[in-house]
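Work through the exercises below with the model open in a viewer. Each task is followed by a worked solution.

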Amino acid sequence: EKGGYDYFMLKEIAEQPKAVADTLLGRIDASGSLTLDEVRISASELREVDKVVIVACGTAFHAGLIAKYAIEHWTRIPCEVELASEFRYRDPILDGRSLVIAISQSGETMDTLMALRHAREQGSKVLAICNTNGSTIPRESDAVLYTHAGPEVAVASTKAFLTQLVACYLVALYLGQVRGTKWGDEIQAVVRDLAEISGEVERVLETMEPVRELARSLAGKNTVLFLGRHVGYPVALEGALKLKELAYMHAEGFAAGELKHGPIALIEADLPVVVVVPSPRGRSVLHDKIVSNIQEIRARGARTIVIAEEGDEAVVPYADHLIRIPATPTLLQPLVATVPLQVFACELATARGNEVDQPRNLAKSVTVE
Ligand code: F6R
């Protein structure tokens, strides 16, 4: 049932190109416009939405953080993202014009379920992004967009995360479409890029051997830091989470711009620091900033592990290890940049003799608080 792989996690990492393609299937028509039949919230209601609030836990929360960048950029609707466990215990400001998006692979996460119940009590519409047909969260939501990742068995989420991202992009584009915001050339281009992204994920998977080798060489380390900017910041958080849960190592993700506000004090000789570099095309300011961040940490002795787009030569002099990913539009980069981090964590777990599919103390579905 592991299809020739040693672990479900490896199989699920390998299934990502198909999971991404399946989640897009039938949702974008030949003219490039989006059809999301499962969204049973009328276009007129969506036009009234004045705020989007995303609630989720763990890896699904990281998908939500990335979604915020896409939603605000493509639709100009303010978007907040909150851990479901925090959201439900404060007094969030919601009303009939708020659209709440609950992201959950299992559809059974108690905190996310409680958050959506709270939102509906305030009169908000809830859209679930979920991987499990007929589970509780979609049953209690006003609308659902299923991710088509197929069953995810390994406790650590991989393919579900990539499909959550795809679903979030689709929702953002759809909101843009029904509201007529920026529904022009840019959006059409994104739709075309999305259609090609599964092939790009496949290409990343074909080049993972050096990442595995690197991971094995770091098995004796205690700490790994992850840095990113813009959508690379949630990717850094996700890379750190994967490493904690699988390799049981101290791992932290930071926004690279925060370095000087504290974290740079952690940098010491030979400390591995993974840096997710935004595309040098497009928003090049971001790229330049992160190149100087890499210089800063390297000057203090960090061992830099740089994830950068093919053709990005500016990072080469400062990268102790360089992991190449295909060029993608900035907002879609997490779909390719996360994959090496999953492979990295999985290989480190193996090298440290850990149980990859069933990490200690963790359950696949957290149905208690
Ligand atoms: C991490 C992981 C967890 C889940 C979280 C939410 O690899 O799997 O952090 O993402 O427990 O679970 P769902 O998506 O089922 O609500």
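This is a predicted model: local features need pLDDT of at least 70, side-chain atom pairs count only at pLDDT 80 or more; totals for chains, interfaces and linings use all residues.

**Exercise 1. Describe the largest cavity and the class of its lining.**

Step 1. With a threshold of 30 Å³ or more, the count is 1 cavity.
Step 2. The volume of the largest cavity is about 50 Å³.
Step 3. Its lining consists of Val39, Ile41, Leu46, Leu99, Leu127, Val171, Tyr174 and Leu175.
Step 4. Helix α8 (residues 159-179) supplies the largest share of that lining, 3 residues.
Step 5. Sorted by class, the lining has 8 nonpolar residues, no polar and no charged ones.

**Exercise 2. Characterise the largest pocket by volume, lining and class.**

Step 1. The largest pocket has a volume of about 610 Å³.
Step 2. It is lined by 26 residues, and those closest to its centre are Cys57, Gly58, Thr59, Lys364 and Val366.
Step 3. Two or more lining residues come from each of α4 (58-75), β3 (98-104), α6 (110-121) and α11 (232-247).
Step 4. The classes are 10 nonpolar, 10 polar and 6 charged residues.

**Exercise 3. Determine how helices α4 and α11 are oriented and which residues join them.**

Step 1. The two axes come within 9 Å and cross at roughly 170°.
Step 2. Because angles over 145 degrees count as roughly antiparallel, α4 is roughly antiparallel to α11.
Step 3. On the α4 side the contact uses Gly58, Thr59, His62, Leu65, Ile66 and Tyr69; on the α11 side it uses Pro234, Val235, Leu237, Glu238, Leu241 and Lys242.
Step 4. By class, these residues are 7 nonpolar, 3 polar and 2 charged.
Step 5. Gly58 and Thr59 of this contact are also among the residues closest to the centre of the largest pocket.

**Exercise 4. Repeat the analysis for helices α2 and α9.**

Step 1. The axes of α2 (residues 16-24) and α9 (residues 185-205) come within 8 Å, crossing at roughly 175°.
Step 2. This crossing makes α2 roughly antiparallel to α9.
Step 3. From α2, the contact takes in Gln16, Pro17, Val20, Ala21 and Leu24. From α9, the partners are Leu194, Ala195, Ile197, Ser198, Val201, Glu202 and Leu205.
Step 4. The class division is 9 nonpolar, 2 polar and 1 charged.

Terms used: Residues are numbered from 1 along each chain as its sequence is written. Side-chain values use heavy atoms; hydrogens and water are left out. On a 1 Å grid over the protein atoms alone, a cavity is a set of points where a 1.4 Å probe fits but cannot get out, and a pocket is an open set with protein on both sides within 12 Å along at least five of seven lines; lining residues have an atom within 4 Å of a point. Grid points are joined across faces, edges and corners, and a volume is the space filled by probe spheres set on the points. Helices (H or I, at least four residues) and strands (E, at least two) are DSSP runs, numbered from the N terminus. Ala, Val, Leu, Ile, Met, Phe, Trp, Tyr, Cys and Pro count as nonpolar, Asp, Glu, Lys and Arg as charged, and the others, Gly among them, as polar. Axes are lines fitted to C-alpha atoms, for helices over the stretch in contact, and angles run from 0 to 180 degrees between N-to-C directions. Angles under 35 degrees count as roughly parallel, over 145 as roughly antiparallel, 65 to 115 as roughly perpendicular and the rest as oblique. Contact means heavy atoms within 4.5 Å.
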